[in-house]
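Keep the sequence and the 3D view side by side.

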Amino acid sequence: AARTGGRSRATRWTPTLGAAAARRDRLRADLPGAAARGELWLAFQPVVSMDEQRVTGVEALLRWRHPELGDVPPREFVPIAERAGVIGELQRWALREATAAAVALPESGGVPLQLGVNISASHVAARSLVDDVATALTTSGLAPQRLVLEITEATVQDDGEFVVTDIQALRLMGVHVALDDFGAGTSSLVHLTRLPIDVLKLDSTFVARVDRDGRSRALCQAVVTVGRALGLDVVAEGVETPAQLGALRGLGLGFAQGFLLSRPLPLAELLRVLDEGAGALWPGLVGLSPDA
Ligand code: C2E
Ligand code: MG
Ligand code: MG
Ligand code: MG
């Protein structure tokens, strides 16, 4: 019913309302039930350790293949799902699917891979995250220590002490927490004083210019220093070139993720790549000297 509603509404619209608004309306109408209809899938992007030159984890990235509109990127549909109140449904599907996939991944260098799952601020605000994570862990049998929940500053800005309380509860279960897109927000350092987290993911905007611009380099260096001082792992996001990777390694960045190292991959492809490469040195890192 929701789908037909969306469609008829969209066709009734005049061109002046714009194609973008019509598309938003359509997506909003079609999102409920997308998981049940089998339209969602997960891509997995490897995260590599600079020191060990091995893959140490993967990040699960949600994908929606709309039957008529094709692939819709999460930056487009996640905010719509949040406003439409269906993010919980998508999030539970992603948690369940990702944890089930992770138990079947091979070890790398004798160590089980970490699994990053992105968590929407409004899912945290709805207070079901702790239960949803517990259910996914129980159902899949994944060790809590292998799960890294990626939250953003938007999560923390959603007032309420309960955010910190829920994150504490998750960490007591053994789950790790990463602050995603770090540096892209407005008051990053303030959040670090009250947030119990394990990992900082350095936003790709700094990474993009780290090899060419002194200011970006200085900010990356500062984040490495903050990470060290607080005992956090730091992951560089969006590494696309060997020059960026070399500069980040020179600054002491611990981990890297980006198209240079691997694009996000469908599970079958990830398994193939890991079969060939897990435990071995990761292509793209091999031969990279710390001061390159
Ligand atoms: P994010 O968590 O910061 O994920 C990183 C994004 O950067 C991903 O985009 C990834 O494909 C992209 N990326 C990785 N390496 C590179 C690179 O070298 N260059 C460039 N240009 N991009 C790179 P994606 O998959 O489109 O996801 C976008 C955002 O959507 C994510 O940002 C995350 O905030 C959100 N998202 C994805 N999956 C989920 C989910 O399951 N739940 C929620 N709530 N949000 C999700
Ligand atoms: Mg993320
Ligand atoms: Mg990010
Ligand atoms: Mg980002």
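Val124, Leu129, Leu149, Ile151, Thr155, Ile167, Leu170 and Val177 line the largest cavity. Two elements give two or more residues each to this lining: strand E5 (147-151) and helix H8 (162-172). By class, the lining of the cavity divides into 7 nonpolar residues, 1 polar residue and no charged ones. The volume of the largest cavity is about 40 Å³. How many cavities of 30 Å³ or more does the structure hold? The count is 1. Bear in mind throughout that this is a predicted model.

The largest pocket has a volume of about 1,100 Å³. Its lining draws two or more residues from each of strand E1 (40-49), E2, H3, H4, strand E4 (114-118), helix H7 (153-157) and E6. In total, 40 residues line the largest pocket. Nearest its centre lie Glu59, Leu61, Arg75, Asn118 and Asp180. Sorted by class, the lining of the largest pocket has 18 nonpolar, 11 polar and 11 charged residues.

What takes up the space of the largest pocket? Ligand 1 does. Around ligand 1 stand 23 residues. The closest are Arg63, Asn118, Asp180, Glu240 and Phe259.

Which elements build the shell around ligand 1? Strand E2 (54-66), helix H3 (74-84), helix H4 (87-103) and strand E6 (176-182) each supply at least two of its residues. E2 gives the largest share, 4 residues. The shell around ligand 1 consists of 9 nonpolar, 6 polar and 8 charged residues.

Look next at the polar contacts to the ligand. Asn118 places a polar side-chain atom 2.8 Å from an oxygen atom of ligand 1. For Asp180, an N or O atom of the side chain is 2.8 Å from an oxygen atom of ligand 1. Glu59 has a polar side-chain atom 3.0 Å from an oxygen atom of ligand 1. How much of ligand 1 does the protein bury? Taken alone, ligand 1 exposes 800 Å², and the protein buries 82% of that.

One more space remains to visit. The second largest pocket holds about 310 Å³ of space. Its lining takes two or more residues from each of E2, E4, E5, E6, strand E7 (199-202) and strand E8 (233-236). The largest share of this lining, 4 residues, comes from E2. There are 18 lining residues in the second largest pocket, and Gln114, Val148, Val199, Asp233 and Val235 lie nearest its centre. Their classes split into 7 nonpolar, 6 polar and 5 charged for the lining as a whole.

E2 gives residues to the lining of the largest pocket and to that of the second largest pocket.

Key:
Residues numbered from 1 in each chain as written. Chains lettered and ligands numbered in written order. Predicted model: local features only at pLDDT ≥ 70, side-chain atom pairs only at ≥ 80, totals over all residues. Heavy atoms only, no water. Near = heavy atom within 4 Å. Polar contact = N/O pair within 3.5 Å; in protein donor to acceptor, adjacent residues only side chain to side chain. Areas by Shrake-Rupley, 256 points an atom, 1.4 Å probe, with all protein chains shown as cover. 1 Å grid on protein atoms, 1.4 Å probe; cavity = no way out; pocket = protein on both sides within 12 Å on 5 of 7 lines; lining within 4 Å. Sits in = over half its atoms within 2 Å of the grid points. Nonpolar A, V, L, I, M, F, W, Y, C, P; charged D, E, K, R; others polar. Points joined across faces, edges and corners; volume = space filled by probe spheres on them.
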